[in-house]
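Welcome! Let's explore a structure together through a few questions and answers. Take a look at it first, and then read on.

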Amino acid sequence: MVTFWVSLLAISILLYVLLDGFDLGIGILFGLTRDQARRHAMWGAVAPIWDGNETWLVVTAVILWGAFPAVYALLLSAFYLPLVLMLCGLILRGVAFEFRYKAERIRWIWDFGFFAGSLVATFIQGMTVGALVEGLPVTNGQYSGGEFGWFSPFAVLCGIGLCFGYTLLGACWLIKKCEGDVKAAAYRQVPYLAIGLLVFLVAVFSFALAENLQIMHRWVERPYLFIFPAIAALAAIVLAVSVERHRDGLPFYMVALIFLSAFGTLAISFWPYMIPYVMTVEEAAAPHSSLAFMFWGEGLFVYPLMLIYTVVSYRVFRGKVRETPVH
Amino acid sequence: MDMTALFLSRIQFASTITFHIIFPTFTIGLAAWLTVLEALHLSTGRAAYRALFDFWLKIFGMAFGLGVVSGIVMAFQFGMNWSVLSRMSGPIQGPLLSYETFTAFMLEATFFGVLIFGRSRVAPWFYLFSTGMVALGTTFSAFWIMVNNSWMQVPVGYALENGIYVPTDWTAINLSPVVWVRFPHMLLAAYLTGAFCVAATGAWYLLRGRFITEANIMLRMGLCLAAVLMPIQLFVGHLAGDYVHDHQPEKFAAIEGRWHDEQPASEVVVAIPDEASASNKYAISIPVLGSVIGSMSLDSKEVGLTSFPRENWPPVLIPFFTFRIMVGCGLIMLTLAFIGSYLSLTRRIGRNRLFLWATFLSFPLPFIATWTGWFTAEVGRQPWAIYGLLRTADAMTPFLTARTAAISLVIFALVYTFIFSFGIFYIYRLMRTGLVPPMVTPAFAAVPNRPLSLAGEGERVLAEAGE
């Protein structure tokens with residue numbers, strides 16, 4: 001039962017990162033251009049699906065609460081202020097999708113909300129992961145770091161890194177979904193973003209070595225972990241080639257693969273801990289009766305349906321976004 | 001324990017959830033109304049039903065979107081401000097709220113897509129079926145929320161092990177008698193909200209002489225439905241009072257403004273309760289009625305607050321007044337619904353401007369009744385987060401400081417005020433525009449994964465045409 005729910009949790013987080021990752025990234029790219037036509041096309045590439053993407057965040061939160069209440073309570077209370085900002089960021093960009101085309105004179109407010117909301121939410125997600133990797137101050141199963149205990153140069157570095165990562169993912173989605181100007185611009189941006197991400201990864205790695213972070217010991221204990229950087233390196237090469245040769249479909253999947261291997265690396269380095277070196281998956285799990293109650297309804301039936309539904313909605317939306325809308 | 005942080009956290013939860021509850025209440029009612037309209041449209045083929053359906057679907061979309069956005073905060077707030085509660089009762093509340101998310105996502109989001117984009121792509125019966133499924137989804141949401149809240153009011157089916165509440169009997173939790181009184185009470189509140197908003201819109205259009213046919217349908221259907229539901233609601237409300245009487249005597253005493261045991265008990269109609277002196281000022285009360293309401297007898301003994309330890313008293317002033325405001329709203333709605341049904345039977349309703357004004361102005365009443373009902377239930381449960389088990393003060397994240405809580409409260413207040421002012425303004429604009437002939441096909445981005453997007457499609461096509 002615990003394995004089942006930890007797997008579902010992992011799938012949900014991964015789906016959230018990949019799916020909302022690209023639309024958050026496009027939100028950041030949206031703020032980097034003033035060109036109305038390009039903005040319009042970017043909007044079209046995410047507007048129909050962002051909502052479903054964000055649902056995975058709520059799904060993650062409620063699985064965490066139902067199946068791993070101790071982790072839910074610890075993490076959410078520890079990251080109090082960052083989460084307030086992240087939620088406000090997500091709300092702002094969510095309503096921006098609704099209100100942008102209803103407004104004329106104040107459209108800039110919603111444009112700004114879309115950009116700023118995306119940027120803030122991305123940065124905070126990266127920072128949270130960074131703080132977790134570094135290790136949260138916890139005493140007796142309770143967070144003890146104070147208001148800013150999560151704050152550290154390493155966490156900030158991870159926040160910036162994720163901004164590069166999501167933006168890269170977003171640019172590759174634009175390459176996949178758009179034509180013309182937007183696609184050309186995205187092709188120009190990808191190398192910079194990729195290099196940015198690479199620099200960040202190197203920085204994180206050296207930082208972890210220099211600080212002798214506990215997580216690094218895992219690599220010595222578990223040499224098979226090196227398969228993930230290998231996959232990522234391979235994906236990076238294919239990414240470079242496909243960008244060079246303008247294969248529109250490929251880059252997105254390659255960046256997704258890089259994300260996947262980063263996620264795998266983290267998950268396996270954490271295992272069996274859920275919050276590194278504080279709480280294991282077994283310790284965090286809710287009693288069997290809770291997990292079983294969730295399993296026989298939502299786990300066994302609803303969750304698979306949700307996956308199918310996500311696939312179907314992406315299939316309906318497959319292909320390039322038309323540049324000029326139908327009248 | 002920081003008392004200021006506790007106070008601010010309570011204010012924050014209360015205000016965010018007060019904002020949030022408007023939208024679910026409204027959309028549960030509207031979803032049912034849409035199903036009725038679509039069924040009528042299918043069976044009679046009248047164009048007016050179709051026009052009404054399209055109009056209310058847009059408003060539904062907008063309100064649904066605002067409900068989703070404000071609901072995300074709810075899923076996080078439990079862990080952020082109330083981490084002790086969410087850790088201890090997580091094994092029970094977590095699964096319940098996860099069912100809420102899962103079933104709501106499945107039924108609402110999936111079939112809502114069909115409603116927006118599917119009219120031309122699916123068979124008419126399937127379209128009707130999808131409308132029904134959306135309504136069912138909103139109903140399920142309400143069900144799980146009510147199971148969760150009822151467990152906090154009257155905890156059952158649990159065992160305390162190592163400091164956490166372990167569920168031992170899910171049947172008892174899900175099918176607790178308290179749930180089966182409070183869930184219908186909430187559902188009826190939502191239907192009445194829908195009915196009054198629809199009737200008020202009809203009255204508004206009639207007053208301005210617009211969309212006469214459709215406005216008449218809205219006015220009549222809304223008021224006649226309310227005339228049927230309102231008496232049932234009063235009865236179910238009385239049953240809800242019974243559970244409070246039996247399970248939460250302190251709350252009952254606070255609502256009744258009863259400070260000392262009485263036999264037979266009188267019923268305080270109006271007064272200003274004073275906690276310091278444990279007495280009522282300017283009280284108007286009716287002898288014996290208190291025993292009748294509390295125990296259906298003429299001579300029962302009813303408990304007063306002073307029979308309970310002082311530290312278990314809920315605040316008296318708020319439940320005492322909010323309860324009376326709720327009942328007052330209910331009685332006004334009942335009167336309106338009865339007069340309106342009578343007028344529409346005699347076919348004079350459209351000409352009675354005074355009544356039309358009264359109906360139009362009545363649209364805030366169901367919302368006020370829902371709010372005050374919830375205030376009574378939630379403030380009356382204090383000082384407990386989980387009644388009798390966990391005090392609100394002990395449920396809070398222990399290291400939360402007043403400064404942090406103040407920052408988050410201010411941020412949430414600003415963001416909510418900002419987006420909801422615009423949201424309500426845009427809903428008002430949709431209403432003012434009124435019923436329009438079916439728009440051109442939706443814009444380029446037509447995919448069924450976007451509950452928030454409906455309201456904009458029409459204007460967006462226009463906006464793009466102008467670009």
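Q: Which residue in the turn of the hairpin formed by S3(B) and S4(B) has a positive phi?
A: This is a predicted model, so let's read it as one. Strands S3 (residues 267–274) and S4 (residues 279–286) of chain B pair in the antiparallel sense over six bridges, and B:Pro273 stands opposite B:Asn280. Four residues lie between the two strands, and the one in the turn with a positive phi, of about 50 degrees, is B:Ala278.

Q: Which residue takes a positive phi in the hairpin of S1(B) and S2(B)?
A: Begin with the strands: S1 (residues 158–161) and S2 (residues 164–167) of chain B run antiparallel and are joined by four bridges. Across this pairing, B:Ala159 stands opposite B:Val166. Two residues lie between the strands, and the one with a positive phi, near 50 degrees, is B:Asn162.

Q: How far apart are the end C-alpha atoms of helix H1 of chain B?
A: Helix H1 covers residues 3–44 of chain B, and B:Gly45, with a positive phi near 75 degrees, follows it.

Q: What is the radius of gyration of chain B?
A: Chain B has 16 helices and six strands. For its 467 residues the globule rule gives 23 Å, and the computed value is close to that, so chain B is as compact as a globular protein of that length. Its C-alpha atoms fill a box of roughly 65 × 50 × 40 Å along the principal axes. The radius of gyration itself is 24 Å.

Q: Which helix gives the most residues to the side of chain A that touches chain B?
A: The contact takes 57 residues from chain A and 57 residues from chain B. On the side of chain A, the elements giving two or more residues are helices H3 (50–67), H4 (69–78), H5 (80–99) and H13 (288–316). By class, this side has 40 nonpolar, 11 polar and six charged residues. With 13 residues, the helix that gives the most is H5(A).

Definitions and conventions: Residues are numbered from 1 along each chain as its sequence is written. Chains are lettered from A and ligands numbered from 1 in the order in which they are written. This is a predicted model: local features need pLDDT of at least 70, side-chain atom pairs count only at pLDDT 80 or more; totals for chains, interfaces and linings use all residues. Two strands pair if DSSP finds at least two bridges between them. The expected span of a helix is 1.5 Å times one less than its number of residues. Two residues are in contact if their C-beta atoms, placed from the backbone, lie within 7 Å. Ala, Val, Leu, Ile, Met, Phe, Trp, Tyr, Cys and Pro count as nonpolar, Asp, Glu, Lys and Arg as charged, and the others, Gly among them, as polar. The radius of gyration is taken over C-alpha atoms; the globule rule is 2.2 Å times the number of residues to the power 0.38.
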